[in-house]
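Work through the exercises below with the sequence and the model side by side. Each task is followed by a solution in steps.

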Amino acid sequence: MNRSKDLQIQLNLTVLKRTDAQISKVLFTAGHVSIYSFLRETMTWQRKKIEGPLFVVERSCAPTLRLVVLNRLTPVPLIEDLSTAFELENSRSFVFYQNSLGEVYGIWFYLDHEKDSFVRLMESFLGEIPLIDDKEPENVAGGMYEERNNQNNNKLINDLNRDLKSSDVDEQEN
């Protein structure tokens with residue numbers, strides 16, 4: 001590893017320890033992600049006010065693995081404990097996950113290779129992660145929610161992709 005990469009890892013670790021003093025090691029970093037949440041009541045996706053760098057970290061006490069997004073929009077980071085209750089699904093555009101509380105989220109990665117590396121790392125912890133085809137509406141978010149209406153599921157992935165495109169246009173205009 002070169003010196004600047006080592007320095008960047010140390011800087012990231014220092015910042016992360018401000019949110020959790022038990023963090024001992026950074027296992028993965030993605031430069032920029034955006035988080036979406038699935039609203040079961042309305043069967044729609046909502047873009048959360050959470051975006052920034054994503055980290056998978058090791059901690060010196062239980063829970064030993066965590067996913068952390070250092071939020072650039074608010075001072076509150078997203079923190080998810082990685083356990084056997086954590087479920088992931090991979091699509092071309094997003095990584096979907098369900099946490100131990102049953103909440104379903106979508107993670108959009110700015111760089112595809114970071115998404116692919118994240119999925120490979122998570123597979124090493126959680127086992128094989130199903131790849132879903134976001135062109136097949138019945139597969140969106142797979143078994144993470146009971147309601148499996150094809151028309152609603154097709155709308156979900158279309159809404160996510162539309163929101164993503166419109167936010168890109170908004171950011172370019174500003």
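**Exercise 1.** Is Tyr36 buried or exposed?

Solution. Tyr36 has a relative accessible area of 0%. Buried means under 20% relative accessible area, exposed over 50%, and partly exposed in between, with a 1.4 Å probe and protein chains only. Tyr36 is therefore buried.

Before going on, note the basis of the values. This is a predicted model, in which local features need pLDDT of at least 70 and side-chain atom pairs count only at pLDDT 80 or more, while totals for chains, interfaces and linings use all residues. Residues are numbered from 1 along each chain as its sequence is written, and side-chain values use heavy atoms, with hydrogens and water left out.

**Exercise 2.** Describe the make-up of the chain.

Solution. Begin with the elements: the chain has 3 helices and 7 strands. Helices (H or I, at least four residues) and strands (E, at least two) are DSSP runs, numbered from the N terminus. Next, read along the sequence; the pattern is α-β-β-β-β-β-β-β-α-α. Finally, consider burial: 44% of the 174 residues count as buried.

**Exercise 3.** In what order do the strands of the sheet lie, and which of them stand at the edges?

Solution. Two strands pair if DSSP finds at least two bridges between them. The 7 strands form an open sheet with antiparallel pairing, in the order β4-β3-β2-β1-β7-β6-β5. At the edges stand β4 (78-81) and β5 (87-90); each has a single partner strand, so one side of each has no neighbour in the sheet. On average, neighbouring strands are turned by 30° against each other, direction ignored. Gln98 has Val104, in β7, as its bridge partner.

Axes are lines fitted to C-alpha atoms, for helices over the stretch in contact, and angles run from 0 to 180 degrees between N-to-C directions.

**Exercise 4.** Which residues touch the most other members of the largest nonpolar core?

Solution. A nonpolar core is a set of buried Ala, Val, Leu, Ile, Met, Phe, Trp, Tyr and Cys residues joined through side-chain atoms within 4.5 Å. The largest one has 23 residues, of which Leu54, Ile107 and Phe118 touch the most other members. Elements giving two or more residues to this core include β1 (23-39), β2 (44-59) and α2 (112-126). Apart from it lies another core, of 9 residues, among them Tyr36, Phe38, Phe96 and Trp108.

**Exercise 5.** How many aromatic pairs does a search of the whole structure find?

Solution. Rings of Phe, Tyr and Trp (its six-membered ring) pair if their centres lie within 6.5 Å; planes under 30 degrees apart count as stacked, over 60 as edge-to-face and the rest as tilted. The search finds 9 pairs. Tyr36 and Phe94 form an edge-to-face pair, 5.6 Å centre to centre with 90° between the planes. Tyr36 lies in strand β1 and Phe94 in the loop between β5 and β6, so the pair ties together parts 58 residues apart in sequence. Ring pairs link Tyr36, Phe38, Trp45, Phe94 and Phe96 into a cluster.
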